[in-house]
Amino acid sequence: MSEPVEDTICAVATAVGEGGIGIVRISGKESLRVAASLVRLRSGRPLDSLKGHTLHHADIVDPSAVPGASGGSRAAPAIDEALLVLMRAPHSYTGEDVVEIHCHGGPLVLQMICEALTRSGARLAQPGEFTKRAFLNGRLDLTQAEAVLDTIRAKTGSSLRLAQEQLRGALSKEIERLREVLLGMLAHVEAAIDFTEEDIAFIPAEALSKGIQDASTAISRLAESCREGRILREGVTAAIVGRPNVGKSSLLNALLRTDRAIVTPVPGTTRDVLEEVLNIRGVPVRLLDTAGVRDTDDPVEQEGVRRSRAAMEQAELLLILLDGSFPLGEDDRALLAQHQDKTRLVAVNKSDMPGKIRPSELAELVPGGAVLWISAKTGSGLEELRDRIRTLILRGDFEPGEAAVITRLRHQTALLKAKESLSHAAGSVEARLSGEFVALDLRAALDALGEITGAITTEDVLERIFSEFCIGK
Ligand SMILES: Nc1nc2c(ncn2[C@@H]2O[C@H](COP(=O)(O)OP(=O)(O)OP(=O)(O)O)[C@@H](O)[C@H]2O)c(=O)[nH]1
Ligand SMILES: [Mg+2]
């Protein structure tokens, strides 16, 4: 664990650029003293007489701008008029004394305030340092700190719901529950070691094996939720692919409900890969529109086709589009034969025109046979397409909030480590080895679980997690 935090930090907490309001946040033992050097309350009261969780009208002045002017000088020129929020330790985000200056959101005003604060003894905060202090002071555990970042970055309602569940402790509680179970078993095993001469079986080997097995199953289930958690947090990349003129760009436009991509009756219209992020039933999807794939002598189109193939490699989901107003061609068949290992969705477009493709001939070419008939022009079938994309990506009817979910590889790695230790423990029980071996592995599993919440952590891990944050959070 780190040393206790001694210094006082400050940073602009609002986004860079012009805004109606800008907030400078100060946290640490010296927050009040540092703020007092440039804050004059309209009430005339000194800052240290104020109660926590109160709001005050104030003038912010720059004492350094007047030669010889001290902190209390009336001659110091004004930087801005502001509202000051005071939160006393431990009842603040960081658990320390926190002062927030809510001023006008101009970059110069905010910069001048931060400069004046640093001259008075505060230090500019590192990225995520306020949240790191909240963690070090026990206000949040690591999964909750990560959820703060996920809340800021959430792109869809489902991503936000997941982040909020985690912030409220859904994952922490599940990890804590698992730790309690393991601690219970460890207590029995250790008691049995201490009393070994009396040969008392504190917990029968069968019951111990079953307990370890159950905990291991729960850990596996949680580890598997990483896929859904990461998808909601980070999104997935989906590429619309097909031969020229099947309506790929029309489909991108229809899903986006804008005229983003050029659409013409000329085959080979799209040359570059276009990219847009959209919310499909709560899943953030990075959708790629690609050039139609065919053999061509045109060097520009050849480059487009090369990029389409690269997009196909990169995408986690392939939306293979066919043109229902034409019979299936060789290009279509070749495309359907590729990338069968990827998650794929086959859709037949232009269902508003007389159909030239028979469902039965497609059934042979599409493993599983699931094909959708849609029309990018009329919008027919697009709602079902959205449903299918979500079901395919999230595998089934996953809903955030129903069970604890992990959202990072960091969580999954720790869970798998815990599972491995449990499997060693189970082996020792089976082989009727001394309880000390079992206890060792149970403790290793407990430590691995503790890494998730930060009960066990290192400065490296903290550095990695908090450096992802913005400054001021
Ligand atoms: N009737 C009908 N026409 C469509 C539909 N979708 C697209 N089209 C037409 O098909 C033609 C080609 O559409 P695009 O969206 O440019 O096709 P694309 O697959 O992007 O073509 P490339 O960029 O050349 O590979 C245009 O004339 C569209 O208006 C549809 O659902 N029904
Ligand atoms: Mg196109």
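**The open sheet and its surroundings**

Author: Isoleucine 320 stands opposite valine 346 in E12, a place where strand E11 (residues 317-323) and strand E12 (residues 343-349) run in parallel and are joined over seven bridges. Here strands (at least two residues) and helices (H or I, at least four) are DSSP runs numbered from the N terminus, and two strands pair if DSSP finds at least two bridges between them. This is a predicted model, in which local features need pLDDT of at least 70 and side-chain atom pairs count only at pLDDT 80 or more, while totals for chains, interfaces and linings use all residues. Residues are numbered from 1 along each chain as its sequence is written, and chains are lettered from A and ligands numbered from 1 in the order in which they are written.

E11 and E12 belong to an open sheet of six strands with mixed pairing, whose order is E9-E10-E8-E11-E12-E13. Strand E9 (274-280) and strand E13 (371-373) are its edges, and because each has a single partner strand, one side of each is left without a neighbour in the sheet. From one strand to the next, the twist averages 25°.

Another helix, H12 (residues 359-365), holds leucine 365. Leucine 365 has 16 other C-beta atoms within 10 Å and is therefore partly exposed, the class between buried (20 or more) and exposed (12 or fewer), with C-beta atoms placed from the backbone. Leaving aside neighbours within four places in sequence, leucine 365 is in contact with Arg333 and Leu336, contact being C-beta atoms, placed from the backbone, within 7 Å. The C-alpha atom of leucine 365 is also separated by 7.5 Å from that of alanine 337, 28 residues apart along the chain.

Ligand 1 is surrounded by 24 residues, the closest being Gly247, Ser249, Ser250, Thr270 and Gly292, where a residue counts if its C-beta atom, placed from the backbone, lies within 6 Å. Helix H9 (residues 248-256) gives the most to this shell, with three residues.

Note on methods. Two residues are in contact if their C-beta atoms, placed from the backbone, lie within 7 Å. Axes are lines fitted to C-alpha atoms, for helices over the stretch in contact, and angles run from 0 to 180 degrees between N-to-C directions.
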